[in-house]
Amino acid sequence: MILTDKGEVAVEDLAIGGRVVTLSGEARAIKWIGRRAYDGRFIAGNREVLPVCVMAGALADGMPARDLSLSPEHSLYIDGMLVPVGYLINGATITQAERADRLEYFHIELESHDVVFADGAPAESFVDCDNRLMFQNGAEFAALYPEDDRAGWEFCVARLEWGSEKLTAIRDALLARAEALGHLLERDPELHLIVDDVALSPDLVRGGLYRFAIPAGSTAVWLASSSAVPAEAVAASRDVRRLGVPVGRIALHDGDISIDASHSHAALCNGFHADEVSHRWTGGLARLPEAWLRSFAGAFTLEIQLVPNELGYRLPPAAFARDIAA
């Protein structure tokens, strides 16, 4: 819902010539509206395209007034600067969709770049960054304004870059607000197994050691856990990998056979990230090599040693409330 001189109007109902209210309070005429649409089959998992949802109240009380969806590169106006919303994802109050059945974006252009109000939040208008032809109706602009020779890349205020100190401060404040709203971090990764499609809890957890009893005849063993993106939980982090648990050692044994593998073992590849100095992260779901399982004729014991780490996993507000009630 975009604030206009006649009140809030759904973005898809706006038209060229209509007037939108800008940050200064001035109502300015819409020069052009870019439109682009995607079939969900072609954008699944595409973080450059899938929308980012800013939850109602994520920025401040009543801001936005309702859940607001923006393209990842679209900027919000925060602390006097433009911040691409994709830089603000925190896995709690600001999240990115993993899929969409159909997606349609609308970009409002004024005579010059400005800040308008979308669902009560200050968001930038469209600015030509040599990307007008990415819109289905991109050629329409030249037909309407054949003499237009305005320079591109002209932002009304500074636009923050990834990793800047000012961006880190903004991200830190939004993370603190998310925590105040009940989106806490949980240290327990809830490590368990999925053995032939059946969830299996550990028989023993002692520090970072997890021990499991694997039934005879098991053909597929997956390490399953909570997962988190460090950059979504730590303001200064630039690590955008989705991480599960940091595995230091894996051991399988019965009365006759023992397999002891370090985190550096080359067979740890399905669902594992690249090896690091002391550990190898899973992505939240990682498979043990089938050859290891075939070494055992009957039941066997699996031990997984995790290394100490500071990764936190998002605890949904509802779960937090249940824990407090209990």
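**Reading a predicted model, feature by feature**

Colleague: Is Gln-96 buried or exposed, and how do I tell?

Modeller: Look at the relative accessible area. Under 20% is buried, over 50% is exposed, and anything in between is partly exposed (1.4 Å probe, protein chains only). Gln-96 has 16%, so Gln-96 is buried.

Colleague: What kind of model is this?

Modeller: This is a predicted model, with residues numbered from 1 along each chain as its sequence is written; local features need pLDDT of at least 70, side-chain atom pairs count only at pLDDT 80 or more, and totals for chains, interfaces and linings use all residues. Side-chain values use heavy atoms, with hydrogens and water left out.

Colleague: What does the protein average in pLDDT?

Modeller: pLDDT is the predictor's confidence in each residue, from 0 to 100. Here the protein averages 94. A score of at least 70 is reached by 97% of the residues.

Colleague: Where does pLDDT stay under 50?

Modeller: Over residues 318–326. The model has four contacts there beyond four places in sequence. A contact means heavy atoms within 4.5 Å.

Colleague: Back to Gln-96. In which strand is its place?

Modeller: Strands (E, at least two residues) and helices (H or I, at least four) are DSSP runs, numbered from the N terminus. Gln-96 sits in β10, residues 94–96.

Colleague: Which backbone oxygen does the side chain of Gln-96 reach at 2.8 Å?

Modeller: Start with the polar contact: a pair of N or O atoms within 3.5 Å. Within protein, one must be able to donate a hydrogen and the other to accept it; residues adjacent in sequence count only if both atoms are side-chain atoms. The side chain of Gln-96 reaches the backbone oxygen of Arg-47 at 2.8 Å. A polar atom of that side chain also lies 2.9 Å from the backbone oxygen of Leu-50. Leave aside neighbours within four places in sequence, and Gln-96 is in contact with Arg-47, Leu-50, Pro-51, Val-52, Pro-72 and Ile-89.

Colleague: Which residues in the largest nonpolar core touch the most other members?

Modeller: A nonpolar core is a set of buried Ala, Val, Leu, Ile, Met, Phe, Trp, Tyr and Cys residues, joined through side-chain atoms within 4.5 Å. The largest one has 32 residues. Val-54, Leu-76, Val-83, Leu-88, Ile-94 and Ile-170 touch the most other members. Elements that give two or more residues include β6 (52–54), β8 (75–78), β9 (81–84) and α2 (165–180). The largest share, three residues, comes from α2.

Colleague: With which residues is Val-54 in contact, leaving aside neighbours within four places in sequence?

Modeller: Among them are Leu-59, Pro-64, Leu-68, Leu-76, Val-85 and Ile-94. A second, separate core has 30 residues, including Val-195, Leu-243, Ala-261 and Leu-288.

Colleague: Pro-64 is on that list. What joins Met-63 and Pro-64?

Modeller: A cis peptide bond, with omega about -10°. Pro-64 is in the loop between β6 and β7.

Colleague: How many cavities of 30 Å³ or more does the structure hold?

Modeller: Rolling a probe the size of a water molecule over the atoms shows where empty space is left. On a 1 Å grid over the protein atoms alone, a cavity is a set of points where a 1.4 Å probe fits but cannot get out. A pocket is an open set with protein on both sides within 12 Å along at least five of seven lines. Lining residues have an atom within 4 Å of a point. Points are joined across faces, edges and corners, and a volume is the space filled by probe spheres set on them. This structure holds one such cavity. The largest cavity has a volume of about 50 Å³. Its lining includes Leu-88, Ile-89, Arg-171 and Ala-231. The largest share of that lining, three residues, comes from α2.

Colleague: What volume has the largest pocket?

Modeller: About 520 Å³. It is lined by 24 residues, and the closest to its centre are Val-11, Leu-68, Ser-69, Leu-70 and Phe-106. β11 gives the largest share of the lining, six residues.

Colleague: What is phi of Asp-130 near?

Modeller: Near 60°, a positive value in a residue other than glycine. Asp-130 is in the loop between β13 and α1 (138–144). Asp-130 counts as exposed because its relative accessibility is 66%. Glu-190 also has a positive phi, near 55°. Glu-190 lies in the loop between β14 (184–186) and β15 (192–195). At 52% relative accessibility, Glu-190 counts as exposed.
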